[in-house]
Amino acid sequence: MAEHNPDGVIATLHNSAEPTQMNLETSTASANGSSRRGKDAKLGLTGVERHFDEDEIIVSKTDPRGRMTYVNDVFLEVSGYTEDELIGQPHSMIRHPEMPRCIFKLLWDTIAGGQELFAYVNNRAKNGDNYWVFAHVTPTFDAAGAIVGYHSSRRCPKREQIAQIAPLYAALLAEEQRHDDRKIGMQSAYQRLLDTLAKKGIGYDEFVFSL
Ligand SMILES: Cc1cc2nc3c(=O)[nH]c(=O)nc-3n(C[C@H](O)[C@H](O)[C@H](O)COP(=O)(O)O)c2cc1C
(Lines give C-alpha, C1' and ligand atoms only; values in the text may rest on other atoms or scores of the structure.)
Protein backbone atom coordinates (compact mmCIF):
# COMPACT_ATOMS: atom_id res chain seq x y z
CA MET A 1 0.00 0.00 0.00
CA ALA A 2 1.38 3.43 -0.86
CA GLU A 3 0.34 6.93 0.00
CA HIS A 4 0.56 9.84 -2.37
CA ASN A 5 1.07 13.42 -1.46
CA PRO A 6 -2.00 15.68 -1.83
CA ASP A 7 -0.14 17.83 -4.31
CA GLY A 8 0.40 14.74 -6.44
CA VAL A 9 -2.38 12.33 -7.25
CA ILE A 10 -5.30 14.15 -5.66
CA ALA A 11 -4.40 17.62 -6.87
CA THR A 12 -3.89 16.27 -10.38
CA LEU A 13 -7.34 14.70 -10.41
CA HIS A 14 -9.18 17.67 -9.04
CA ASN A 15 -7.44 20.24 -11.17
CA SER A 16 -7.80 18.25 -14.36
CA ALA A 17 -9.17 20.31 -17.24
CA GLU A 18 -9.40 17.24 -19.49
CA PRO A 19 -12.90 16.62 -20.88
CA THR A 20 -14.42 13.48 -19.37
CA GLN A 21 -15.28 10.47 -21.47
CA MET A 22 -18.89 10.85 -20.28
CA ASN A 23 -18.93 14.43 -21.54
CA LEU A 24 -20.34 15.82 -18.34
CA GLU A 25 -19.19 19.22 -17.21
CA THR A 26 -16.86 19.00 -14.29
CA SER A 27 -17.97 20.28 -10.93
CA THR A 28 -17.22 23.72 -9.62
CA ALA A 29 -15.74 21.70 -6.75
CA SER A 30 -12.70 21.38 -9.03
CA ALA A 31 -11.37 24.60 -7.64
CA ASN A 32 -7.79 25.57 -7.10
CA GLY A 33 -5.50 23.57 -4.81
CA SER A 34 -5.70 25.83 -1.76
CA SER A 35 -9.51 26.01 -1.55
CA ARG A 36 -9.55 22.27 -2.14
CA ARG A 37 -7.27 21.75 0.86
CA GLY A 38 -9.41 24.09 3.00
CA LYS A 39 -12.55 22.15 2.14
CA ASP A 40 -10.83 18.82 2.78
CA ALA A 41 -9.65 19.97 6.19
CA LYS A 42 -13.19 21.04 7.10
CA LEU A 43 -14.48 17.56 6.24
CA GLY A 44 -11.65 15.90 8.20
CA LEU A 45 -10.03 14.71 4.97
CA THR A 46 -6.25 14.65 4.63
CA GLY A 47 -6.14 14.85 0.82
CA VAL A 48 -3.78 11.85 0.83
CA GLU A 49 -4.75 9.00 -1.47
CA ARG A 50 -3.95 5.40 -0.52
CA HIS A 51 -3.28 2.60 -2.99
CA PHE A 52 -3.05 -1.13 -2.53
CA ASP A 53 -1.22 -3.69 -4.60
CA GLU A 54 -2.53 -5.19 -7.84
CA ASP A 55 -2.59 -8.67 -6.32
CA GLU A 56 -4.44 -7.57 -3.17
CA ILE A 57 -8.21 -7.77 -2.82
CA ILE A 58 -10.28 -5.99 -0.19
CA VAL A 59 -13.09 -8.33 0.86
CA SER A 60 -16.14 -7.87 3.05
CA LYS A 61 -19.37 -9.76 3.63
CA THR A 62 -22.57 -8.35 5.05
CA ASP A 63 -25.96 -9.43 6.36
CA PRO A 64 -29.01 -8.57 4.21
CA ARG A 65 -29.18 -5.08 5.75
CA GLY A 66 -25.59 -4.36 4.74
CA ARG A 67 -24.01 -4.69 8.21
CA MET A 68 -20.51 -6.12 7.97
CA THR A 69 -20.08 -9.72 9.12
CA TYR A 70 -16.59 -10.33 7.69
CA VAL A 71 -13.66 -8.14 6.65
CA ASN A 72 -10.26 -9.40 5.47
CA ASP A 73 -6.84 -8.16 6.51
CA VAL A 74 -6.42 -6.01 3.39
CA PHE A 75 -9.62 -4.16 4.31
CA LEU A 76 -8.22 -3.48 7.79
CA GLU A 77 -4.84 -2.39 6.47
CA VAL A 78 -6.18 -0.01 3.83
CA SER A 79 -9.11 1.45 5.81
CA GLY A 80 -7.14 1.82 9.06
CA TYR A 81 -9.99 0.38 11.14
CA THR A 82 -9.82 -2.66 13.42
CA GLU A 83 -12.06 -5.67 12.95
CA ASP A 84 -13.91 -4.77 16.16
CA GLU A 85 -14.67 -1.31 14.83
CA LEU A 86 -16.11 -2.65 11.56
CA ILE A 87 -18.01 -5.84 12.35
CA GLY A 88 -21.71 -5.10 12.84
CA GLN A 89 -21.40 -1.66 11.22
CA PRO A 90 -22.73 -0.51 7.82
CA HIS A 91 -20.28 0.25 5.00
CA SER A 92 -21.20 3.92 5.33
CA MET A 93 -18.45 3.84 8.03
CA ILE A 94 -16.05 4.25 5.10
CA ARG A 95 -18.30 6.44 2.94
CA HIS A 96 -16.40 9.31 1.35
CA PRO A 97 -18.30 12.65 1.38
CA GLU A 98 -17.51 13.18 -2.31
CA MET A 99 -19.26 9.98 -3.42
CA PRO A 100 -22.58 10.74 -5.15
CA ARG A 101 -25.54 9.06 -3.43
CA CYS A 102 -27.01 7.98 -6.77
CA ILE A 103 -24.19 5.42 -7.16
CA PHE A 104 -25.24 3.78 -3.89
CA LYS A 105 -28.86 3.82 -5.07
CA LEU A 106 -27.74 1.99 -8.22
CA LEU A 107 -25.76 -0.43 -6.06
CA TRP A 108 -28.61 -1.24 -3.68
CA ASP A 109 -31.31 -1.39 -6.40
CA THR A 110 -29.14 -3.86 -8.32
CA ILE A 111 -28.00 -6.18 -5.53
CA ALA A 112 -31.32 -6.18 -3.66
CA GLY A 113 -32.85 -7.18 -7.03
CA GLY A 114 -30.58 -10.23 -7.03
CA GLN A 115 -28.02 -8.98 -9.56
CA GLU A 116 -24.29 -8.29 -9.30
CA LEU A 117 -22.77 -4.85 -9.73
CA PHE A 118 -19.33 -3.56 -10.64
CA ALA A 119 -18.63 -0.02 -9.49
CA TYR A 120 -15.86 2.45 -8.80
CA VAL A 121 -16.08 3.73 -5.24
CA ASN A 122 -14.00 6.31 -3.44
CA ASN A 123 -13.69 5.42 0.24
CA ARG A 124 -12.57 7.29 3.32
CA ALA A 125 -9.96 5.70 5.57
CA LYS A 126 -10.23 6.21 9.32
CA ASN A 127 -7.65 9.02 9.40
CA GLY A 128 -9.31 10.93 6.52
CA ASP A 129 -7.14 9.57 3.69
CA ASN A 130 -9.07 8.26 0.67
CA TYR A 131 -8.73 5.13 -1.45
CA TRP A 132 -10.47 4.25 -4.72
CA VAL A 133 -11.69 0.71 -5.36
CA PHE A 134 -13.19 -1.15 -8.28
CA ALA A 135 -15.81 -3.23 -6.47
CA HIS A 136 -17.67 -6.35 -7.49
CA VAL A 137 -20.70 -6.69 -5.23
CA THR A 138 -22.87 -9.81 -5.29
CA PRO A 139 -25.88 -11.10 -3.37
CA THR A 140 -25.60 -14.45 -1.55
CA PHE A 141 -28.64 -16.71 -1.73
CA ASP A 142 -29.92 -19.53 0.47
CA ALA A 143 -31.24 -22.81 -0.97
CA ALA A 144 -34.71 -21.26 -1.36
CA GLY A 145 -33.29 -18.37 -3.39
CA ALA A 146 -33.68 -15.72 -0.69
CA ILE A 147 -30.90 -13.14 -0.23
CA VAL A 148 -29.03 -13.90 3.00
CA GLY A 149 -26.27 -11.34 2.60
CA TYR A 150 -23.87 -9.60 0.24
CA HIS A 151 -20.23 -9.99 -0.70
CA SER A 152 -17.85 -7.39 -2.07
CA SER A 153 -14.37 -7.87 -3.48
CA ARG A 154 -12.44 -4.81 -4.53
CA ARG A 155 -9.30 -4.23 -6.53
CA CYS A 156 -7.27 -1.06 -6.80
CA PRO A 157 -8.22 0.73 -10.05
CA LYS A 158 -5.61 2.13 -12.40
CA ARG A 159 -4.85 5.83 -12.21
CA GLU A 160 -6.28 6.43 -15.72
CA GLN A 161 -9.57 4.81 -14.67
CA ILE A 162 -9.80 7.03 -11.59
CA ALA A 163 -9.01 10.06 -13.74
CA GLN A 164 -12.05 9.24 -15.89
CA ILE A 165 -14.54 8.33 -13.17
CA ALA A 166 -13.66 11.14 -10.70
CA PRO A 167 -14.97 14.02 -12.89
CA LEU A 168 -18.18 12.09 -13.58
CA TYR A 169 -18.74 11.55 -9.86
CA ALA A 170 -17.95 15.21 -9.18
CA ALA A 171 -20.61 16.24 -11.72
CA LEU A 172 -23.17 13.84 -10.21
CA LEU A 173 -22.39 15.12 -6.71
CA ALA A 174 -22.76 18.73 -7.88
CA GLU A 175 -26.16 17.82 -9.35
CA GLU A 176 -27.20 16.28 -6.02
CA GLN A 177 -26.03 19.32 -4.07
CA ARG A 178 -27.80 21.75 -6.42
CA HIS A 179 -31.14 20.73 -4.88
CA ASP A 180 -32.26 21.64 -1.36
CA ASP A 181 -34.18 18.38 -1.08
CA ARG A 182 -31.63 15.56 -0.75
CA LYS A 183 -33.93 12.93 -2.21
CA ILE A 184 -34.82 15.03 -5.24
CA GLY A 185 -31.13 15.81 -5.78
CA MET A 186 -30.23 12.14 -5.69
CA GLN A 187 -33.01 11.22 -8.12
CA SER A 188 -32.00 14.02 -10.47
CA ALA A 189 -28.36 12.87 -10.47
CA TYR A 190 -29.44 9.26 -10.95
CA GLN A 191 -31.59 10.25 -13.93
CA ARG A 192 -28.68 12.21 -15.33
CA LEU A 193 -26.45 9.16 -15.10
CA LEU A 194 -29.07 7.03 -16.88
CA ASP A 195 -29.69 9.69 -19.57
CA THR A 196 -25.98 10.04 -20.24
CA LEU A 197 -25.56 6.29 -20.61
CA ALA A 198 -28.66 6.09 -22.82
CA LYS A 199 -27.32 8.85 -25.07
CA LYS A 200 -24.10 6.92 -25.45
CA GLY A 201 -26.12 3.78 -26.11
CA ILE A 202 -24.27 1.75 -23.50
CA GLY A 203 -25.32 0.10 -20.27
CA TYR A 204 -23.72 0.80 -16.94
CA ASP A 205 -21.63 -2.40 -16.95
CA GLU A 206 -20.37 -1.69 -20.44
CA PHE A 207 -19.43 1.80 -19.30
CA VAL A 208 -17.43 0.72 -16.23
CA PHE A 209 -15.55 -1.89 -18.24
CA SER A 210 -14.82 0.63 -21.00
CA LEU A 211 -12.71 2.76 -18.67
C1 LIG B 1 -21.44 -5.71 0.19
C2 LIG B 1 -21.50 -4.21 0.23
C3 LIG B 1 -20.34 -3.47 0.09
C4 LIG B 1 -20.36 -2.08 0.13
N5 LIG B 1 -19.18 -1.41 0.02
C6 LIG B 1 -19.16 -0.07 0.19
C7 LIG B 1 -17.93 0.64 0.18
O8 LIG B 1 -16.85 0.09 -0.03
N9 LIG B 1 -18.00 1.99 0.38
C10 LIG B 1 -19.16 2.66 0.60
O11 LIG B 1 -19.15 3.88 0.81
N12 LIG B 1 -20.35 2.00 0.58
C13 LIG B 1 -20.37 0.67 0.38
N14 LIG B 1 -21.58 0.00 0.38
C15 LIG B 1 -22.81 0.79 0.37
C16 LIG B 1 -23.29 1.19 1.76
O17 LIG B 1 -24.15 0.19 2.23
C18 LIG B 1 -24.07 2.53 1.73
O19 LIG B 1 -25.14 2.45 0.84
C20 LIG B 1 -23.18 3.73 1.32
O21 LIG B 1 -22.01 3.79 2.09
C22 LIG B 1 -23.92 5.05 1.45
O23 LIG B 1 -24.29 5.24 2.78
P24 LIG B 1 -25.52 6.16 3.18
O25 LIG B 1 -26.66 5.72 2.32
O26 LIG B 1 -25.73 5.89 4.64
O27 LIG B 1 -25.08 7.54 2.90
C28 LIG B 1 -21.58 -1.40 0.33
C29 LIG B 1 -22.77 -2.14 0.47
C30 LIG B 1 -22.73 -3.52 0.42
C31 LIG B 1 -24.01 -4.31 0.58
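How many helices and strands does the secondary structure of the protein come to? The answer is eight helices and seven strands, taken as DSSP runs (helices H or I, at least four residues; strands E, at least two) and numbered from the N terminus.

This is a predicted model: local features need pLDDT of at least 70, side-chain atom pairs count only at pLDDT 80 or more, and totals for chains, interfaces and linings use all residues. Residues are numbered from 1 along each chain as its sequence is written.

Buried residues make up 30% of the 211 residues. Buried means that 20 or more other C-beta atoms, placed from the backbone, lie within 10 Å of the residue's own.

**Helix α5**

C102, I103 and I111 are buried in α5. Seen down the axis of α5, the buried residues fall within an arc of 160°, so they line one face of the helix. The arc is that of the directions from the helix axis to the C-beta atoms. G114 follows α5, with a positive phi near 90°.

The buried residues of α5 pack against these elements, with contact meaning C-beta atoms within 7 Å:

| Element | Residues |
|---|---|
| β5 | 117-124 |
| β6 | 130-141 |
| β7 | 147-155 |
| α6 | 159-177 |
| α7 | 182-200 |

**Helices α6 and α7**

α6 and α7 pack at about 145°, with their axes 7 Å apart. Axes are lines fitted to C-alpha atoms over the stretch in contact, and angles run from 0 to 180 degrees between N-to-C directions. In α6, L172, E175, E176 and Q177 meet residues of α7, among them M186 and L193.

Terms used:
Buried ≥ 20, exposed ≤ 12 C-beta atoms within 10 Å, placed from the backbone. Contact = placed C-beta atoms within 7 Å.
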